[in-house]
Amino acid sequence: MIDFNTKLKILVVEDNPGDLLLLEELLFETNISIQEIKNVTLISEAKNILNSYDFDLIFLDLSLADSSGLDSFKDLYSITEKVPIIVLTGLKDSSIAISAIVNGAQDFLVKGEFDAKLLAKTMQYSIERKKNLENLRESNARYDLVVEATHEAVWDWNFAQDDLLWVGKGFNKIFGYEYANTVIPFQFWEECLHPEDKVRVIEKLQTSILNLSNHSWEDEYRFRDINGNYLYVLDRGYTLFDSENNPVRMIGAMQNITAKKLAEEELKKLSLIAKETVNAVIIASKKGEIQWVNEAFTKLSQFTVKESIGSFVQEMIFSEDTDKETISYLLEKVEKDLSFECVLLTRAKDGQNFWMKVLGQPIVDEKGKVLRYFAIGTDITRQKEAEETIINNERRYRALIEKSADGIFLVNKDGQIYDISSTGKEILGYEKDQDSTSKVGIEWIHPDDIEEIKNVIKEVASQIKAVRHTECRYRMPDGSYKWIEVTFNNLTHEPFIQAIVGNFRDITTRKKAEELQKKSEENYRQIFYNNPYPMWVFDQETRAFLDVNAAAIDKYGFSREEFLSMTILDIRPEEEIPKLLEVLDVHYQSGGARKEVMKHRDKSGKIILMEVTTYLIDFNGRKAMQTQVNDVTEIVKIQNEREIILNAIDKLRMSENLIDGLTAMLLCAREYIGWEYGEIWISDYTNEYFTLAACDYLQGEPGFQEMADRAPKVKQQTNKSIFDTKEKQEQAYWVEDINKDPLFQRGDITAKLGLYSAFSVPIRYQGKPISRIAFFSRKILKKDPSTINFIENICMQLAAEIEKKNTERVLNLFFKQSNDLLGLATFDGVFRRINNAFVEVLGYTEEQITSQHFINFVHPNDVTKTMEKMDELTQGKLISYFENRFITGNGDIKWFSWSCTPTVYENIFFASGRDITRQKKEEEQLRLWEFVITNSNDAVMITDASLFLSQEPEILYVNEAFTEITGYLPEDVIGKSPLILGGIHSDQNELNTLIETLQNRKNYEIEVLGHKKNGEELWSDFTFVPISDNTGILTHLIYIQRDITARKKNEAEKELLIKELTQNNTDLKQFSFITSHNLRSPLSNLMGIVDLIDTDSLENSTNALLFEKFKESTFQLNETINDLLSVLIIKDKVNIVKGFIGFENEFQKALASVSFMMKQANASLQIDFSEAPVVEFNRAYLESIILNLLTNSIKYRSPDRNLALKIKTTNERDFIKLYFSDNGIGMDMERYKDRIFGLYQRFHDLPDSKGLGLYIVHSQVNALGGHIAVESEVGVGTTFIISFKKFLKSKRH
Amino acid sequence: MIEKVLLVEDDNITITLCELAIKKFDFAKEVHSSRNGKEALDYFSDCLKRKKKGEESEAPPLIFLDLNMPVLNGWDFLDEYLKKFAKDFPKTRVAILSSTIDPNDFSRASKYDIVVEFISKPLTMRVLTELKKNSSISQYFPE
C-alpha cells in the first residue's frame, strides 16, 4: 500500500489558470496531504523543473502553448518515466487521453468532469500503479542486468509447455549455442547432458521438483557445448508453484565450472603432493618424461627441477645396477595403466646409488585416459643397509648353527627349548625338515637325568657367560634312549642371541662301547683259551709267540713253554718263509684281519695246511697279532682232487672225439697221481672184448709209446686177459710188480721200460664195466687206497661221459644215415642239427635250413597248423604227430609226416619226418576217385578178376547210382555174381569178345537190354574197364553202367519221324521238280508262241483282243511260276554262297534300277550304314531284298505326301540289323500281323500287288539264319527290321 | 547272219518255236536240230567225218543247248563234245537254252569257256537281239 502519510509534491502543467485553480481546490478537498503544488505553463518549463526537482505526481494538460496533444505527454514522459502522469484533457480530446495511457500515462481526468473523490482515487491509483510499475521496471532492469552481467546461463522452464526459455546470452557465451532469449524444447537440454550423467541428473531433478519442502535444486553435471565437448556445469534451479501448490515453472542458471573442476583436480594433486612432501615426487608422462618434480626429489637426486623436467626417468635416475626384473615390472604396470609399488635402486647425480621405495599412481584425465604418472619415492637406502646387515648376521648365525655337527638349541631360564638347529633335530630323532621345534622339550629326557638337567640350566641361567657340561639320555620317537652330551652357555647378553645356548651331540656309541669294553675284556680270555681252534698271539716286531692256547699246543705238539720260546717262523717249512714274510708285511700295512691258507709244520715235521686268520691287537700295551688257524689239509686235498676230476671230465666233454678226450683226461689223472704211464681200454657191448682206446705217458719218454703200440690191436678177450676173474674185472686191481703176473702179455716191455707197479680201475656204467683205466709206475708201490679212490672217483664220472660219447657216435651214424628226416630244432624254430636226409629230401643246403625258421619252408596253407603244433610242444606236450607240406628247393611240394618231442630244459625239440608225398598223392587220388565213383550218375560195380579164369566173378562194390539205376541195394548184390543181373554174360560169343578185349587191357563198351530188380526193362550202356596191378596182372573189373532206356525209346521214335519226314521231303522235292520242269517247259513254249505270233496279221479285232488277253495271261502265269520257283529254290538250298557284301553298293545298284520310279515318287532318302557297313550274306538275296523293300515302299507310298525313306544298319551282338522305314500308307498291324510275311497275302488293292514280295524277302532272310520284323501304322508308315545272322562272332564293337 | 546253228532240244514245240524265231529274226539261215545230246554228238561225228573227207560242210558255229534231255543231257553232251570235237571245231560256241532256274546250273555253265550265253526259255526276239551283240557271235552280224 502506498503510504499517503508522506506528503506529496505535485507538478501541474497547466496554462489555464482557471483549470489550475479548480484543480487546486479539488486537490485540497481530497484531504490528501500535499507538501506543495508547483505550476508551470509550458512543457519546456516542466522539463526544466523536473531536472532539479523531484515530484510525486504530475498533472499534464495536453493543450499547452509550446506543445499539445500526445506529443506533450511523450515529451514529458521521456524525461520523467518514474513519475506518474495524469493527463488532463477536455471532453473532446478523450481519445488522445487514451493514447497517452497506452504510451505510459497513469490515468486521465476530463476537465470539469471530475470531483475531489474521483481525483483522490485517480491520484491514489496512479501513484500506486506507477510505484508498482516502477518497482517492476526496476526489478526487470536489475534482472536483465544480472542476466547480462552473469557468466551463468539462465533458464526458465515451463512445466506446462515443457519448454525452456534460455534467457540472455548465457548459453551463447558458455556453450556457443545461437540461442538467446529463445524457447527451446526441454528435450534439447536433456540431449545435451553427458550420457553418463543423464539418468542421475534427471532423477534428482524430478525428485526435487516434487519435493514441496525444498524448492531449490542443485546439481553438477557435464553439458555438451556446440562443439560437442562436455563442460562441467553447476546448475541451480528454483521451483515455482501455483496457488494450489502445483509446480509450474523452474528458473535456474547453469554455471560453467569446468575450469574450477580442473583446478580442483590440480588442487587434489597438489594436496596429495603436499601430504607427501617429505618424499620425492615426480610427475611423468607414461613414457617416463618428467613433467614435474618436488623439492624433496631434487634434494634426494641432486638434479635441479630444471634438469629434471623434460628428462626421462629411466635415463636420469635408473642405475646400471637397477635390477632388470624391477624395471620390467615397472614398465609392465605402466603399460597397463596400473599403479605400482616397488623398491628401486636409483642413482643420484653424483653417481651414488640409493634405494628408493616407489609408489606410482596413474593420473586419469576427464576422459579416463592415463597420460601421466604420479610417483612418490622414499629414500630407503639406510633402512635397506640396516636390513641387509641384520639379514647377513642372521644368515651367518644360522649357517653356523645349521652347519655345525653338533646340535644347537636355545633354551630359556625355565628350561623351555624354543629353537633348535636341523642337526639338532636329527640327533634328537626328529625329521630334519619338519617344523618339529615345538616337539622338542626336556620332558623327553630320561626321568633319571631330568633333575640334573634342570639344575644345570638353572645354574647357567643365573650367571651371564656361565658354561656347564652334562650328559643325559633323550628319548627317541621309537622309545629308545640316546646318550646326549650337552654344553649350556649363557649368552643372554649377546644382542643377537639373548638366550642360553645348548650345544649337544650324540654320544650313544661311545657310551655303549665303553660298556661293551668292560664285558669283552672278560669274554676275551674265555674265547682265547677255550677256543677249539689253535690260537696264538705274537709280537709284531719280534714275531715271538706271546701267548698260545690249548688247541695250538695240541695241534702242533709243542708245549706252552716251547711255543713261548719260538717265533712264528719256527712252525713253517723253510720254503714258506718268504711268502710268510710278504704276508706279514701286508698285514702291518693294512692292519686288518686276513685269511690265508699257509703251509705249517708241526713238531714232528709234518706239513699241514692251515687256514690262518690274523688280526692286530693290543697285548698289554704291545703291538701284537693274534692268529687263529684251522687245519684244512684234508679239505684242500679233496678240493684239489675234485678240481682234477672236473678238469679231466671237462677235457673229455670238450673234445670232439672220444679218443682225444680220453687222452686228455688220462694226462690229468696221471700227472696228479704222479705215475709214468696210463691207458684206457673200452669194451664192446657184450663186455667180452676190450680194445685200447687211449694212452698217455711221461713227457720226454717216447719209449712208452711201445706200450700202446704193443697193445693187442684186435679185440682183447677179457677172460683170457690179465682180468681173468670176475673180481679183477669188477674191482680195482693193484699189482705191485706187474712183471711177476704171468697173464700180463706185455711183460717184456714193462721190464724194458722198468715199470713195476700197476693198477686198473673199471669204469662202470649202470653196473657193467664198459671201460678200464690202468696206470703203470716205475716204482714198486704198495696198494694205496687214496690213489685208487681218486681214480675211482674219476671213473664214476667218466662212465657216463664215455657211454654218452660212445652212444653219440653210434647215434650220430644212425642220425646221419637215416632215410627219415631227423633234426634238432630250438624252440624258436631254427634247426641246429639236421641229417643228410634233410638236405637230400628237401633239396636245400644244410646252411639254408639251419639259418632260418623252418616255417619258411612250410607250405603257406600249412603254416598255421604247423605253428599250432609247435606251440603245443613248447608248452609242454610230450610228443606231437602231424603232417604238413614243405616246398622243396626246386619248388616241388612234398608231404611229410612228423613226430616231434621236446626237451623242455634245453628248449629244443627233436623232429623226425618221413616223406609221404607219394602216399599223400595216392590217397588224394583215391579220395578223388572214390568221390567220383560215389557221386557218379553212372552206376559203378567192381568185381574180382575171376571172369578171366572162366569163373563166376564176385561183386565187390557198387555205388549209389547202381542202386538208383537197377534198384538193387549193395547188400542184394555184393558177394554175388553179376550174372544175377542178367543180360550181360548170357551170350557166349559176346562174352568171349569181351574177355579178349579186356585181356588186351582195353575197355569194352556195349549196350544191353536187361531188367531192374522190379522187373522193368532196362537199357544200359556198359563200359568194362580192366584193372591190373603193378605187375600187370588183372585184379579187378569195373563195370560202368548207364541207363539209356529213355534214349533208346527216343531214338526209336525219332527214327520213325525221320522216315516220315524224309518221305514227305522226297515227295515235296518231286513236286518241286515237276513244277520246275514239267510245268515250266510248256509255259515257256507258250511264251515263245506269244512272242512269235504276228498280231497285226489278225484281221478280226475280237481275235486280236482275245489274243492280247491270252498274251497277258501267259505273261502273268509265267511270272507267277517264276516267283514260286524262286521261293522253292530259296527253301531248298541250304548252302547258299555267302560273302561279305557292302550295303551301300547294293543299295546304289537297287536304286539305279528303280530310279525312274523314285523320281516319280519324288522320294527323299536318308541312309546311314556307318554302324554296320558290311554284312555276310548272299549277294543275290540281298539285292532281291533291297529291291523288294524299295519297290514296296514306292508302291505303297502315301498319295498325300512325298515318299521319305530312312534306312540304317546297326551292329548287335548276334545280328546286324537293317532298318528300312517309309512314310507310306502303312498297314493295320492288328489285323495283319500274322500274315504279313505269308505267301500270297495282299493287304492293298493295288493292281500289281501279288503278295509275294515280302514272302520272298522273309524266305531269303530266314534261309540264312536271320529274321524279319515289321512295325507299321496306318497312314503313318512302315519300318522293316531285318536281322542278318552274324556267322563270325569273334568281333564285336 | 549265222550260216547254220545246231539246236539240241527234246521238245518238239520248242524246236518249232526256236526255228521260227531264229529265222524270223534273221539270226541264222539254217537250223539243225538234234533231239538229245546223243544225237548231237552223232551229228558232230558226221561233221568230223565229212571234214576229214575234205567235204565242204562246216560245223555250226553256235549250238543252242537244252540241259534237261533224255538219253544224254546237256552237261553230258558238253563234256563229251569237249573231249571229242572241240579241238576240231574251234569256232563253235554254245548257248545254253533252258527252262531251268536252278542257280547251280548257272554257275556250272559259267565254268565252261565254250559256253557264251545262258538263255532262259523261250527264245524271244529280245534274247536273240542281245545274243547278236555277244562278242563271240557279233562277227557274224556286221552292221
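Modeller: Gladly! In β26(A), Gln628(A) is the bridge partner of Met535(A). This is a predicted model, in which local features need pLDDT of at least 70, side-chain atom pairs count only at pLDDT 80 or more, and totals for chains, interfaces and linings use all residues. Residues are numbered from 1 along each chain as its sequence is written, while chains are lettered from A and ligands numbered from 1 in the order in which they are written.

Colleague: What makes β22 (residues 535-539) and β26 (residues 622-631) of chain A a pair?

Modeller: Strands (DSSP runs of E, at least two residues, numbered from the N terminus) pair if DSSP finds at least two bridges between them. Five bridges join β22 to β26 of chain A, running antiparallel, so they pair.

Colleague: How do you know that β22(A) also pairs with β23 (residues 545-548) of chain A?

Modeller: Three bridges link these two in the antiparallel sense, and Trp536(A) stands opposite Val548(A) in β23(A). Their hairpin has five residues between the strands, and there Arg543(A) takes a positive phi near 60°.

Colleague: Why is Arg505(A) called partly exposed?

Modeller: A residue is buried with 20 or more other C-beta atoms within 10 Å of its own, exposed with 12 or fewer, and partly exposed in between, with C-beta atoms placed from the backbone. Arg505(A) has 18, so the label is partly exposed.

Colleague: Which residues does Arg505(A) touch, beyond those up to four places away in sequence?

Modeller: Asp406(A), Gly407(A), Ile427(A) and Glu485(A); contact asks for C-beta atoms, placed from the backbone, within 7 Å.

Note on methods:
Two residues are in contact if their C-beta atoms, placed from the backbone, lie within 7 Å. Helices (H or I, at least four residues) and strands (E, at least two) are DSSP runs, numbered from the N terminus.
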